[in-house]
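Reader: I have the model open and want to go through it with you. Can we start with the charged side chains?

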Amino acid sequence: DQERQLAGPDRPFYPFVEEVRRHLPDAPARILVIAATGNGYGAARVRYHLIPHNAWIGQALDPSAKLRKGDYLLILLPAEQVPYDRAKRLVTFGEQRRPAELEYVDPGLGALLKVSGGA
């Protein structure tokens with residue numbers, strides 16, 4: 001199956017998704033996928049490859065999406081919609097600020113953050 005993915009239409013980002021999966025727990029986790037295109041083809045395919053994790057896709061974090069400790073943010077570039085302060089280890093959206101750890105980054109494709117505190 002991996003050979004098929006590397007030869008198919010998902011080949012530009014499949015290795016990135018595989019690396020992201022290595023940083024996720026075995027048990028299904030909640031992942032908020034932030035993509036400039038919203039629920040476009042690329043974001044939808046990333047979500048598909050993250051099954052059985054519970055992935056939600058949006059163009060920006062909705063302030064009503066109560067981030068909880070243990071949630072993940074997968075920010076697909078460009079990632080201006082979700083400011084992350086590496087020095088303070090904080091992700092900010094709307095009025096909310098949550099501690100988060102940078103788990104993995106690919107400068108050309110995106111970053112995975114794990115929320116380390118929250119509601």
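**Charged pairs, sheet and cores**

Reader: How does E19 count in terms of relative accessibility?

Author: E19 counts as partly exposed, at 23% relative accessibility. Buried means under 20% relative accessible area, exposed over 50%, and partly exposed in between, using a 1.4 Å probe and protein chains only. This is a predicted model, in which local features need pLDDT of at least 70 and side-chain atom pairs count only at pLDDT 80 or more, while totals for chains, interfaces and linings use all residues. Residues are numbered from 1 along each chain as its sequence is written, and side-chain values use heavy atoms, with hydrogens and water left out.

Reader: Fine. What does E19 form a salt bridge with?

Author: With R22; the closest N and O atoms are 3.5 Å apart. A salt bridge here is a side-chain nitrogen of Lys or Arg within 4 Å of a carboxyl oxygen of Asp or Glu. E19 and R22 are three residues apart in helix α2, which separates them by about one helical turn. R22 is exposed, with a relative accessible area of 58%.

Reader: How are the helices and strands assigned?

Author: They are DSSP runs numbered from the N terminus: H or I over at least four residues for helices, E over at least two for strands.

Reader: How many salt bridges does a search of the whole structure find?

Author: Three. One of them is between R30 and D71, with 2.7 Å from N to O. R30 is in strand β1 and D71 in the loop between β2 and β3, so this pair ties together parts 41 residues apart in sequence. D71 is buried at 3% relative accessible area, whereas R30 is partly exposed at 23%.

Reader: And what about E101, which residue does it form a salt bridge with?

Author: R89, with the closest N and O atoms 3.7 Å apart. E101 lies in strand β6 and R89 in the loop between β4 and β5, so parts 12 residues apart in sequence are tied together. R89 is partly exposed at 47%, and E101 is partly exposed at 29%.

Reader: What is the phi of R89?

Author: Positive, about 55°, although R89 is not a glycine.

Reader: Which residues does a cis peptide bond join?

Author: I51 and P52, with omega about 20°. P52 is found in the loop between α3 (41-49) and β2 (54-58).

Reader: Switching to the sheet. What is the strand order?

Author: β2-β1-β3-β7-β6-β5-β4, an open sheet of seven strands with mixed pairing. β2 and β4 stand at the edges with a single partner strand each, so one side of each is left without a neighbour in the sheet. Two strands pair if DSSP finds at least two bridges between them.

Reader: Take β3. Is it mostly covered or mostly open?

Author: Mostly covered: five of the five residues in β3 (72-76) are buried. Y72, L74 and L76 point one way, and L73 and I75 the other way.

Reader: In what sense do β3 and β7 pair, parallel or antiparallel?

Author: Antiparallel, over five bridges, β7 being residues 110-115. L76 stands opposite G110 in β7. On the β1 side, four bridges join β1 (30-34) to β3, and those two strands run parallel. There, I31 stands opposite Y72.

Reader: Which residues of the largest nonpolar core have the most contacts inside it?

Author: V20, I31, V33, L50, L74 and L76, in a core of 19 residues. Such a core is a set of buried Ala, Val, Leu, Ile, Met, Phe, Trp, Tyr and Cys residues joined through side-chain atoms within 4.5 Å. α2, β1, α3, β2 and β3 each give two or more residues to this core. A second, separate core of 11 residues includes I34, L73, I75 and F93.

Reader: What does I31 touch?

Author: Leaving out residues up to four places away in sequence, I31 touches L24, L50, H53, N54, A55, W56, Y72 and L74. Contact means heavy atoms within 4.5 Å.

Reader: Last one. Which residues of α3 are buried?

Author: A43, V46 and H49. Seen down the axis of α3, these buried residues fall within an arc of 125°, so they line one face of the helix. The arc is that of the directions from the helix axis to the C-beta atoms.
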